[in-house]
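Please read the briefing below alongside the model. The points are grouped by topic.

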Amino acid sequence: MLTATYILVSLSVEQASIRMSLLAFQKYMHVQLRQQSRLSLAQLQYAGDWLNRLYQGGYWRKVEMYLVPAIRQAAPHADGLLDEINGLNHVALESINVVQQRAGAAIDHSELQAEQLCAAIDAFCAALLQRLEKEERELFALARKVIVGEAWFAIAYQFLAHDARAQEARRGKAQVLPFVLPAPVPTALPAPGGSAETAAEVGTPALPVPAQPLRAQA
């Protein structure tokens, strides 16, 4: 069915975006920590904040919000696969807890091993990347088997509403630059038969300068 194909392709695009974010974060942190044997509390907090953002972002994916509930409704026997996926989430969460615990310990110990932070980040990314792969290989295939007919159309409608809300939110965050007054007008042109000073004294009107239009920045 074309609707099912559209939905699964859309989800694959979302998966690819998340995968790129995970790999980019992992690479960035390795580059930053490669030359350090120890790190500061600020670095631990930075890493912990980003790990938490990436983890929480997983709950706002269309897979979690729309596809998984539809699978649960259509196939109660799918709990085993969903439990495996949730297990990978717990592994990622444990990595966040490790970083946060080390950040707490850094209050008493000013520096901690950077190698340990890299290991926690690698474990976090590996768990979420494995989750993405399992979803694409097994969860999407299961969805094709158990979700039928009108259920696919209902999911497609939810996708469209989701995208519309996201677009509206982006518009709401657009910032309008403050209005800037035109630059001062140069010395007025002299009146016919007189000097510039004469023109200024009698108040010859200056040529108008067009105001710069307001610009919105997304």
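Leaving aside neighbours within four places in sequence, Lys134 touches Leu81, Glu84, Ile85 and Leu139, where contact means heavy atoms within 4.5 Å. The model is predicted: local features need pLDDT of at least 70, side-chain atom pairs count only at pLDDT 80 or more, and totals for chains, interfaces and linings use all residues. Residues are numbered from 1 along each chain as its sequence is written, and side-chain values use heavy atoms, with hydrogens and water left out.

- Lys134 sits in helix 5, which covers residues 114-146; helices (H or I, at least four residues) and strands (E, at least two) are DSSP runs, numbered from the N terminus.
- Lys134 has a relative accessible area of 11% and is therefore buried; buried means under 20% relative accessible area, exposed over 50%, and partly exposed in between, with a 1.4 Å probe and protein chains only.
- The side chains of Arg171 and Glu168 meet in a salt bridge at 3.9 Å, N to O; the term stands for a side-chain nitrogen of Lys or Arg within 4 Å of a carboxyl oxygen of Asp or Glu.
- Elsewhere, salt bridges that share partners join Lys134 with Glu84, Glu133, Arg137 and Glu138 in one network.

**Other salt bridges**

- Side chains of opposite charge can pair when their charged atoms come close.
- Eleven salt bridges are found when the whole structure is searched.
- Arg171 and Glu168 both belong to helix 6 (residues 150-172), three residues apart, or about one turn of the helix.
- Arg171 counts as exposed because its relative accessible area is 54%.
- Arg131 and Glu135 form a salt bridge with an N to O distance of 4.0 Å.
- Both Arg131 and Glu135 lie in helix 5, four residues apart, about one turn of the helix.
- An α-helix has 3.6 residues a turn, so residues three or four places apart point the same way.
- Arg131 is buried at 3% relative accessible area, and Glu135 is buried at 1%.
- Glu64 and Arg61 are also joined by a salt bridge, with their closest N and O atoms 3.5 Å apart.
- Glu64 is buried, with a relative accessible area of 19%, and Arg61 is buried, with a relative accessibility of 1%.

- Helix 2 (residues 41-57) has 17 residues, which at 1.5 Å a residue should span 24 Å; its end C-alpha atoms are 24 Å apart, so the two agree. The expected span is 1.5 Å times one less than the number of residues.
- The buried residues of helix 2 are Leu44, Ala47, Gly48, Leu51, Leu54 and Tyr55.
- Viewed down the axis of helix 2, these buried residues fall within an arc of 130°, so they line one face of the helix. The arc is taken from the directions from the helix axis to the C-beta atoms.
- Trp50 is also in helix 2, and Trp50 is partly exposed because its relative accessible area is 33%.
- With Tyr28 and Tyr46, Trp50 forms a nonpolar patch on the surface, and together they have about 290 Å² of accessible area.
- Patches are made of residues with over 30% relative accessible area and no salt bridge; like charges are joined within 9 Å, and nonpolar side chains (Val, Leu, Ile, Met, Phe, Trp, Tyr) within 5 Å.
- Accessible areas come from the Shrake-Rupley method with a 1.4 Å probe; for residues, only the protein chains shown count as cover.

**Pairs separated in sequence**

- Lys145 lies in helix 5 and is exposed, with a relative accessible area of 69%.
- Lys145 and Ile71 are 74 residues apart along the chain, and their C-alpha atoms are separated by 9.7 Å.
- Leu93 lies in helix 4 (residues 79-105) and is partly exposed, at 29% relative accessible area.

**Whole protein**

- The protein has seven helices and four strands, in the order α-β-α-α-α-β-α-α-β-α-β along the sequence.
- Of the 218 residues, 32% are buried.
- Among contacts between residues at least 6 apart in sequence, 83% join residues at least 24 apart.
- The protein exposes about 13900 Å², and carbon and sulfur atoms supply 59% of it.
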